Amino acid sequence: MWVLNRRPTHLPPLPEIEMTTDAQPLRLPPFRTDKNRRPSHIRLREILAHPLVLLIVGAWLSGLLIPRLTQGWQDREKALEIRTQLVSAMSEDATHMMTSIQEVRRHPRTTIDRDAFSREFTQWSADSAVIGAKIQAYFPRTTLPADWGNLSGAIGEFYAIQMGQIDGARQSERRDHERKIARRLSAVLGPAAAAEWKKADPGRWWSIRDTILVARAELVRRVLANESVALR
């Protein structure tokens, strides 16, 4: 007699399968936190406080940064000294020559030492050339060397006008000198600088003088304002 709910003894046993149900949810590993982890700014401070890092930074400061800063200060002081010396020489020499021309004009021809006046102009020309060489050396990539050359040339033409008055030169020679002065001062101050000189000869002389002094003052201002001094 067979019993239906009885498994035959000749069959192999079934493998046991473990089932997960809602009563037994899947367990994930817990989230791990590192309690010893420090904020980044604290770690950075510890790195910077390391003796080796301090040694490297100190060597960099003493070997590179500080010498560069010191050199920069020295260069600025040297540039200021050069500009100050140049404008002092420019102002002194140009003013001295213009004053001499003015004084000669005030005296009668018979009381003027022509040779002394000529020697004074020769000395001024030499000093002007030295100043021009310095301007060329310290401001090579600017218009300052040409500007000083034009100003010096205008003073030279103005001297020639005064010498012509002493020697009795013709009016055509004076007008030629005036045209040359106008071209040179226009190169420094602009085309309209010398365009409105008075027609009367006495008034025009003073107008030319004043325009030359304005050009000198403008050139002094440009030298002081220009910071690109070639020190090396």
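Trainee: Leaving aside its neighbours within four places in sequence, which residues is Arg 209 in contact with?

Mentor: This is a predicted model, and the contacts are computed from it. Arg 209 touches Met 98, Gln 102 and Phe 158. The residue belongs to helix H6, residues 201-225.

Trainee: Is Arg 209 buried or exposed?

Mentor: Buried means under 20% relative accessible area. Arg 209 has 19%, so it counts as buried. Val 188, in helix H5 (residues 171-189), is buried with a relative accessible area of 3%.

Trainee: What is Val 188 in contact with, beyond its neighbours within four places in sequence?

Mentor: Its partners are Asp 147, Asn 150, Leu 151, Ala 215 and Arg 222. For Leu 151, which is 37 residues away along the chain, the C-alpha separation from Val 188 is 7.4 Å.

Trainee: How do I check the span of helix H3?

Mentor: Compare the expected span with the distance between the end C-alpha atoms. Helix H3 covers residues 114-138, and its 25 residues should span 36 Å at 1.5 Å a residue; the end C-alpha atoms are 36 Å apart, so the two agree.

Trainee: Which residues of H3 are buried?

Mentor: The general idea concerns the helical repeat. An α-helix has 3.6 residues a turn, so residues three or four places apart point the same way. In H3 the buried residues are Phe 117, Phe 121, Trp 124, Ser 128, Ile 131, Gly 132 and Ile 135.

Trainee: How many salt bridges are found in the whole structure?

Mentor: The search gives eleven. One of them joins the side chains of Arg 114 and Asp 167, at 2.9 Å from N to O. Arg 114 is in helix H3 and Asp 167 in helix H4 (residues 144-167), so this pair ties together parts 53 residues apart in sequence. Both ends are partly exposed: Arg 114 at 36% and Asp 167 at 46%.

Trainee: What separates Lys 180 and Asp 176 in helix H5?

Mentor: About one helical turn, because they are four residues apart in H5. Lys 180 and Asp 176 form a salt bridge whose closest N and O atoms are 3.5 Å apart. Lys 180 is partly exposed at 28% relative accessibility, and Asp 176 is partly exposed at 28%.

Trainee: Which residues are linked in a network of salt bridges?

Mentor: Asp 147, Glu 218, Arg 221 and Arg 222 form that network. Within it, the side chains of Glu 218 and Arg 222 meet at 2.9 Å, N to O. These two are four residues apart in helix H6, so about one helical turn lies between them. Arg 222 is partly exposed, at 23%.

Trainee: How many aromatic pairs are there?

Mentor: The count is five. In one of the pairs, Phe 121 and Tyr 159 are stacked, with 3.9 Å between centres and 0° between planes. This pair links distant parts of the chain, Phe 121 being in helix H3 and Tyr 159 in helix H4, 38 residues apart. Both residues are buried. For the rings of Trp 205 and Trp 206, the centres are 4.9 Å apart and the planes at 75°, so that pair is edge-to-face. Trp 205 is buried at 1%, whereas Trp 206 is partly exposed at 31%.

Trainee: Which residue lies over the face of Trp 205?

Mentor: Arg 105 does, at 4.4 Å from the ring centre.

Terms used. Residues numbered from 1 in each chain as written. Predicted model: local features only at pLDDT ≥ 70, side-chain atom pairs only at ≥ 80, totals over all residues. Heavy atoms only, no water. Buried < 20%, exposed > 50% of the residue type's maximum accessible area, 1.4 Å probe, protein only. Contact = heavy atoms within 4.5 Å. Expected span 1.5 Å × (residues − 1). Salt bridge = Lys/Arg side-chain N within 4 Å of Asp/Glu carboxyl O. Phe/Tyr/Trp six-rings, centres within 6.5 Å; stacked < 30°, edge-to-face > 60°. Lys NZ or Arg CZ within 6 Å of the ring centre and 35° of its normal.
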